[in-house]
Amino acid sequence: ALSGAVALFVAMGIGRFAYTPVLPVMRADAGLSLPSAGFVASANFAGYLVGALLLAFLPLPGSRRGWLVVGLLGGVATTAAMALAQGDIGWATIRFLSGLASALALVVTTTTVMQAVMAAGRPKLGMVPFMGVGVGIAASALLVEAGLRAGLGSHGLWLLLAAVSLVGVALAVPFFPTTA
């Protein structure tokens, strides 16, 4: 359950929601307009929706841990890529892919943890992973604030968030069930 919380910290708290605290800095650094900011955010929502719908109908062969790694590392990669991308289309493409990755990690995490805690006779532990989302959202805002105080611009903030995400992956994956 705790590895699920860390996974959702990475996938949702940072991968999906860190865009909000970085957005004002991106507007200042890159001149991102409000309509463009909305377009980029909408691309993330679309990726998340497409990912969730695909996962509702497509079986995932292999281990769930393997798919979790794909989703989490996809989130780390797209978070880091935000530092390298330029322009509305580039950012929107990356945020769409980030939405796909976060959907994959969320679905794999929640279904696997729920099965594990039910099998262990401890269904209330199924709520634990969701605290990772809230903690991740709060941590994203705090990391952005700390990065700003250290003089980072939007590029540096995205790299900082990606680095923290990578640490989260290293903490979550070894303890995640290997269920097929």
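This is a predicted model: local features need pLDDT of at least 70, side-chain atom pairs count only at pLDDT 80 or more; totals for chains, interfaces and linings use all residues.
Some ground rules: local features need pLDDT of at least 70, side-chain atom pairs count only at pLDDT 80 or more, and totals for chains, interfaces and linings use all residues. Residues are numbered from 1 along each chain as its sequence is written, and side-chain values use heavy atoms, with hydrogens and water left out.

Let's begin with the core. The largest nonpolar core holds 48 residues; by that I mean buried Ala, Val, Leu, Ile, Met, Phe, Trp, Tyr and Cys joined through side-chain atoms within 4.5 Å. Buried is under 20% relative accessible area, exposed is over 50%, and partly exposed is in between, using a 1.4 Å probe and protein chains only. Tyr-19, Met-26, Leu-72, Trp-158 and Leu-161 have the most contacts inside this core. Helices H1 to H7 each give two or more residues to it, and H5 (87-119) supplies the largest share, 10 residues. Helices here are DSSP runs of H or I, at least four residues, numbered from the N terminus.

What does Met-26 touch, beyond residues up to four places away in sequence? Its partners are Tyr-19, Gly-31, Leu-32, Met-82, Trp-91, Ser-154 and Trp-158, where contact means heavy atoms within 4.5 Å.

Now for helix packing. The axes of H3 and H5 come within 7 Å and cross at roughly 35°; axes are lines fitted to C-alpha atoms over the stretch in contact, with angles from 0 to 180 degrees between N-to-C directions. The residues of that contact divide into 17 nonpolar, seven polar and two charged. For that count, Ala, Val, Leu, Ile, Met, Phe, Trp, Tyr, Cys and Pro are nonpolar, Asp, Glu, Lys and Arg are charged, and the others, Gly among them, are polar.

Ser-98 sits in H5. Is Ser-98 buried or exposed? It counts as buried because its relative accessible area is 1%. Beyond four places in sequence, Ser-98 is in contact with Gly-15, Asn-44 and Thr-78.

Finally, charges. The structure holds one salt bridge, that is, a side-chain nitrogen of Lys or Arg within 4 Å of a carboxyl oxygen of Asp or Glu. Glu-145 and Arg-149 form a salt bridge at 2.8 Å, N to O. Both lie in H6, four residues apart, about one turn of the helix. Glu-145 is partly exposed at 36%, while Arg-149 is exposed at 70%.

Thanks, happy to discuss!
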